[in-house]
Amino acid sequence: MPLQHRDPVHLDTLGPSLTDQLCNSAAPIAGDLPIAHFSPGGPLIAVDLDDVLSQTNAAISESLMTPDPGTGHNDNHGSPDEMSISTIYYYYYWKSPFWGTPEVTHSKVREFYKTNWIEHVRPVPGAKEGVETLRQLGYRLVIVTARNKNVEHASWEWAKRHFGDAFECIICTGQFASAQQAVVDGVYKNLNPNGEHSLATKSSKAQVCIDIGAKLLIDDSVENAMACVTYEAPPGVEDVPPKVLLFGEYEWGKRLSRRSTDERDEMTYANRVDAEGGNQFLKQDCMHCEEEMAAVDSKQVERVKGWREVVAYVTAEKAAGRL
């Protein structure tokens, strides 16, 4: 049954049949982007929101570099030419310069999300044209994002404003919503009081894509890409994770992080520099990331620099009958 949902969807509300739960009557879509109507039976592509559609990290960098009106200082105690999107070296901000400890980082992000940044953040260059082309090729599109439920409505309104009715729905995994969540080798699990782990299948993008039948995931996170490639279905279940287009030339897409081992003060950029006598670990972590990716099925993940390459890949796969 094709997805027809036009309102935000949060995984906490979904029952056994994800697709059936998503099938509701369509609401009017506001948007100025002309996009051809897609085939109801077209293959489904899952698209990440932050830094694939929305220039989120650029927005948060600019926000943190803006001097406080009262003190004249910015939050990271750096100068405007020091912090930028190019200095976000890791998926977890505290591993990059100027962010501070994990606790301080979480506080900065919470304050950022209290602002109206979602209304003003710019789309990624080429995203509108790329999304329109995928629709014209007959693909169905769903946004799958790690954002939390409390911003899903604003996120959906932003998507409608910039992309019209291109996307059928938005699914917020909320993977950072609880302090009781951790990452074990790229798979999100809930921590029980007794220290054991039980798989929260609805929290991983890999599992979400499997549940909705997505054939392709477009995401800027090497962590999410690796989670799809290394996914192991439960015994007796033939789940097939999607192929992944690892989007962008971002620094954080060159280094692999694991929150289960990295969310500690010792892993902040400044502490690592002090401990190792320099930042040579940046190059080393790039090498380790490429080694890990080379050790898995290379056919499952392909790097693309931007939306032009996304369209070229999908067009070629469609012509070859593989997508």
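Predicted model: local features only at pLDDT ≥ 70, side-chain atom pairs only at ≥ 80, totals over all residues.
**Exercise 1.** Classify the pair formed by Tyr269 and Phe281 as stacked, tilted or edge-to-face.

*Solution.* A pair of aromatic rings is described by the distance of the centres and the angle of the planes. Step one: the ring centres of Tyr269 and Phe281 are 5.7 Å apart, and pairing requires centres within 6.5 Å. Step two: the planes stand at 70 degrees, and an angle over 60 counts as edge-to-face. The pair of Tyr269 and Phe281 is therefore edge-to-face. Step three places the two residues: Tyr269 lies in helix α10 (residues 269–276) and Phe281 in helix α11 (residues 281–294), so this pair, 12 residues apart, links distant parts of the chain.

**Exercise 2.** Decide whether Tyr269 and Phe281 are buried or exposed.

*Solution.* Buried means under 20% relative accessible area. Tyr269 has 16% relative accessibility, so Tyr269 counts as buried. Phe281 has 1%, so Phe281 counts as buried too.

**Exercise 3.** Determine which rings have the charged end of Arg272 or of Arg255 sitting over them.

*Solution.* Take Arg272 to begin with: its charged end sits over the ring of Phe281, 4.1 Å from the ring centre. For Arg255, the ring is that of Tyr90, with the charged end 5.8 Å from the centre.

**Exercise 4.** Classify the pair of Tyr92 and Trp94 and state the burial of both residues.

*Solution.* The structure holds 12 aromatic pairs. In the pair of Tyr92 and Trp94, the distance is 5.2 Å centre to centre, with 15 degrees between the planes. Planes under 30 degrees apart count as stacked, and this pair is stacked. Both Tyr92 and Trp94 are buried.

How values were computed:
Residues numbered from 1 in each chain as written. Heavy atoms only, no water. Phe/Tyr/Trp six-rings, centres within 6.5 Å; stacked < 30°, edge-to-face > 60°. Buried < 20%, exposed > 50% of the residue type's maximum accessible area, 1.4 Å probe, protein only. Helix = DSSP H or I, 4+ residues; strand = E, 2+ residues; numbered from the N terminus. Lys NZ or Arg CZ within 6 Å of the ring centre and 35° of its normal.
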